[in-house]
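Below are some questions and answers on how terms are applied to a predicted model. Each answer sets a value against its cut-off.

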Amino acid sequence: MRVQIPEVSIELAFPVARYHVHQGDTNDCGPYCVAMVTNALYGMPLVDAAALAEELNHRGFPERIPGWATLPWGTVVSLRRLGLRARWRVGTSLKRLFANLYQNCLTLVIVGEPLRFVGRTWEGWSHYKVLVAWDPKWGLGFVDPFIARADGMMWQQLDEFRRQWAWMGRQIIEVRRA
């Protein structure tokens with residue numbers, strides 16, 4: 001099924017970039033995205049991203065593999081603890097991502113290359129970031145905790161995004177106010 005790609009720009013109304021936090025040299029993109037989305041939805045800095053990452057490290061499995069990865073259901077549980085509605089979806093369509101932008105639904109995406117090898121060395125990775133915009137020229141716009149710039153904004157061409165997103169099973173987490 002061919003997806004109708006919007007010919008106009010779309011941008012969420014929520015000020016996610018205002019609450020961007022750089023994750024630094026950590027694997028804490030999940031907790032940092034939870035903090036950014038929560039703070040944007042409530043319109044104030046309620047959640048400290050580093051403190052949330054540390055809390056999840058203490059909670060451990062099944063929400064998080066301490067110091068390494070936050071699992072999608074752990075991200076959903078964290079968002080729900082903070083009073084938000086959150087739903088994890090696998091095998092999501094691109095059509096749904098565009099619909100979420102049109103409907104002003106905050107969406108975390110999980111991208112990566114989990115089976116990446118360089119020579120015989122595994123260099124796989126995965127990453128959470130927050131979808132905030134679409135532009136026909138620039139592609140999908142994200143507020144990304146890996147970006148050090150104050151607003152954390154980055155653009156990714158659709159083809160590259162689709163490849164990295166498909167590797168991770170086209171997973172998203174939709175977040176709304178309760």
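Q: Why are helix 1 and helix 2 called oblique to each other?
A: The axes of helix 1 (residues 29–42) and helix 2 (residues 49–59) come within 8 Å and cross at roughly 130 degrees. Angles over 145 count as roughly antiparallel and 65 to 115 as roughly perpendicular. The two helices are therefore oblique. Helix 1 passes helix 2 in a right-handed crossing.

Q: Which residues make the contact between helix 1 and helix 2?
A: Helix 1 contributes P31, Y32, V34 and A35, and helix 2 contributes A49, A50, L52, A53 and L56. By class, this contact has nine nonpolar residues, no polar and no charged ones.

Q: How do you know that the span of helix 1 agrees with 1.5 Å a residue?
A: The 14 residues of helix 1 should span 20 Å, and its end C-alpha atoms are 20 Å apart, so the values agree.

Q: What makes helix 1 mostly covered?
A: Of its 14 residues, 13 are buried.

Q: Why is V143 called buried?
A: Buried means under 20% relative accessible area, and V143 has 1%, so V143 is buried. V143 sits in strand 9 (residues 139–143). Among the residues V143 touches are V16, M36, V130 and M153.

Q: How many residues apart in sequence are V143 and W155?
A: They are twelve residues apart in sequence, and 8.9 Å apart in space, C-alpha to C-alpha.

Technical notes: Residues numbered from 1 in each chain as written. Predicted model: local features only at pLDDT ≥ 70, side-chain atom pairs only at ≥ 80, totals over all residues. Heavy atoms only, no water. Axes fitted to C-alpha atoms, helices over the stretch in contact; angles between N-to-C directions. Helix = DSSP H or I, 4+ residues; strand = E, 2+ residues; numbered from the N terminus. Parallel < 35°, antiparallel > 145°, perpendicular 65-115°, else oblique. Left-handed = near helix turned anticlockwise from the far one by under 90°. Contact = heavy atoms within 4.5 Å. Nonpolar A, V, L, I, M, F, W, Y, C, P; charged D, E, K, R; others polar. Expected span 1.5 Å × (residues − 1). Buried < 20%, exposed > 50% of the residue type's maximum accessible area, 1.4 Å probe, protein only. Lists of a residue's contacts leave out its neighbours within four places in sequence.
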